[in-house]
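Q: Please take a close look at one part of this model and the way it is built into its surroundings. Follow the description from there into the neighbouring parts.

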Amino acid sequence: MATFAPKPGCPLCGIVSFAQQSPTTPLASPSSSNATKPQILWKDDNFTVYQEKSYPVSSKGHIIIVFNLHVPSIYTLSSSDLPLLIQVQRLGQRLLGSLIPRTPTMPTSPLSTSTSSTPDMPLATKNQAFNIGFITSPFKDPKIPITDHLHAHAYIGTPDLAGWWRAISYSSVAWYAVDDLIAEIRESTSNNRIKSGYENRTQAPIDTVPDAGSRTGFPNGVEDTHSSIKVPDLEEGEATSPSQGGSRASLSTPQSALRA
């Protein structure tokens with residue numbers, strides 16, 4: 001999609017590009033030019049995931065899930081993109097699970113190299129809190145100050161390495177959990193007007209965007225909702241947007257799990 005083409009000079013676009021060309025090539029971190037290089041944990045047609053080693057917010061693990069397309073913000077997404085958000089949720093859970101030290105009762109298999117939609121890794125346990133979400137504008141992580149290329153942060157436990165100032169970006173003031181975003185988009189497209197998410201919330205960012213997540217169409221059943229930015233899976237084939245009259249992005253290589 002030309003609307004979300006790579007942006008010259010964008011550090012995250014650079015990581016996506018290099019990961020696609022040569023996943024084993026050392027990559028420069030978007031937050032640092034030092035010798036610490038990010039480790040690519042997962043790559044598919046929609047996402048590139050790497051472990052943040054230069055400036056992690058948690059001593060237990062911090063990963064960044066990057067949208068391969070240069071999507072500017074969560075407000076670009078519609079209800080058609082719910083499968084993408086669910087994949088963000090599952091990737092975060094499973095890849096954070098791969099960072100937890102193994103015990104005799106946990107599986108030891110490496111990341112799957114099959115064409116499954118998510119790597120085969122354990123989910124969170126009661127003793128491990130997985131935090132997966134977005135830092136919303138005007139806030140940003142001062143150590144990873146990229147605000148115009150959509151990416152999710154996922155970390156284990158508390159942001160114990162963030163410091164008080166940086167921790168604000170990971171607090172309820174700026175943090176938008178992917179679970180809340182999924183629930184609110186779903187509820188905005190149904191007759192259920194009860195809001196999900198944290199208690200006593202007066203107004204979430206998604207509420208300030210008119211028609212966010214709404215589906216529109218015509219009496220004859222033709223829907224003109226904005227098409228998803230998701231690259232279709234092999235099982236889905238090509239899809240055409242009635243509103244745009246054009247074909248979706250072409251299929252590329254099968255999904256795969258990678259380690260640097």
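A: Helix α4 is mostly covered, with 8 of its 11 residues buried; buried means under 20% relative accessible area, exposed over 50% and partly exposed in between, with a 1.4 Å probe and protein chains only. The model is predicted, so local features need pLDDT of at least 70 and side-chain atom pairs count only at pLDDT 80 or more, while totals for chains, interfaces and linings use all residues. Residues are numbered from 1 along each chain as its sequence is written, and side-chain values use heavy atoms, with hydrogens and water left out. Helices (H or I, at least four residues) and strands (E, at least two) are DSSP runs, numbered from the N terminus.

The buried residues of α4 are Val178, Asp180, Leu181, Ile182, Ala183, Glu184, Ile185 and Glu187. Their cover includes α2, β4 and β6. Axes are lines fitted to C-alpha atoms, for helices over the stretch in contact, and angles run from 0 to 180 degrees between N-to-C directions. Contact means heavy atoms within 4.5 Å.

The partner helix is α2. The two helices pack at an angle of about 160 degrees, and their axes are 10 Å apart. α2 and α4 are therefore roughly antiparallel to each other; angles under 35 degrees count as roughly parallel, over 145 as roughly antiparallel, 65 to 115 as roughly perpendicular and the rest as oblique. The crossing of α2 past α4 is left-handed, a term for a near helix turned anticlockwise from the far one by less than a right angle, with clockwise giving right-handed. From α2, the contact is made by Leu82, Leu85, Ile86, Val88 and Gln89, and from α4 by Val178, Asp179, Leu181, Ile182, Ile185 and Arg186. By class, the residues of this contact are 8 nonpolar, 1 polar and 2 charged. Ala, Val, Leu, Ile, Met, Phe, Trp, Tyr, Cys and Pro count as nonpolar, Asp, Glu, Lys and Arg as charged, and the others, Gly among them, as polar.

Because 6 of the 6 residues of β3 are buried, the strand is largely enclosed by the rest of the structure. His62, Ile64 and Val66 cover one face, Ile63, Ile65 and Phe67 the other. In a regular strand the side chains alternate between the two faces of the sheet. Across to β3, Thr48 has Val66 as its bridge partner and Tyr50 stands opposite Ile64. Ile64 in turn stands opposite His153 in β5.

Strand β2 is likewise largely enclosed, because 5 of its 5 residues are buried. Phe47, Val49 and Gln51 point one way, Thr48 and Tyr50 the other. Val49 is buried, with a relative accessible area of 0%. This residue stands opposite Ile65 in β3; the two are 16 residues apart in sequence but 4.5 Å apart in space, C-alpha to C-alpha. Beyond its neighbours within four places in sequence, Val49 is in contact with residues including Leu91 and Leu95.

Asn46 is found in the loop between β1 and β2 and counts as buried, at 7% relative accessibility. Among its contacts, leaving aside neighbours within four places in sequence, are Val66, Phe67, Leu84 and Gln87.

Notes. Two strands pair if DSSP finds at least two bridges between them.
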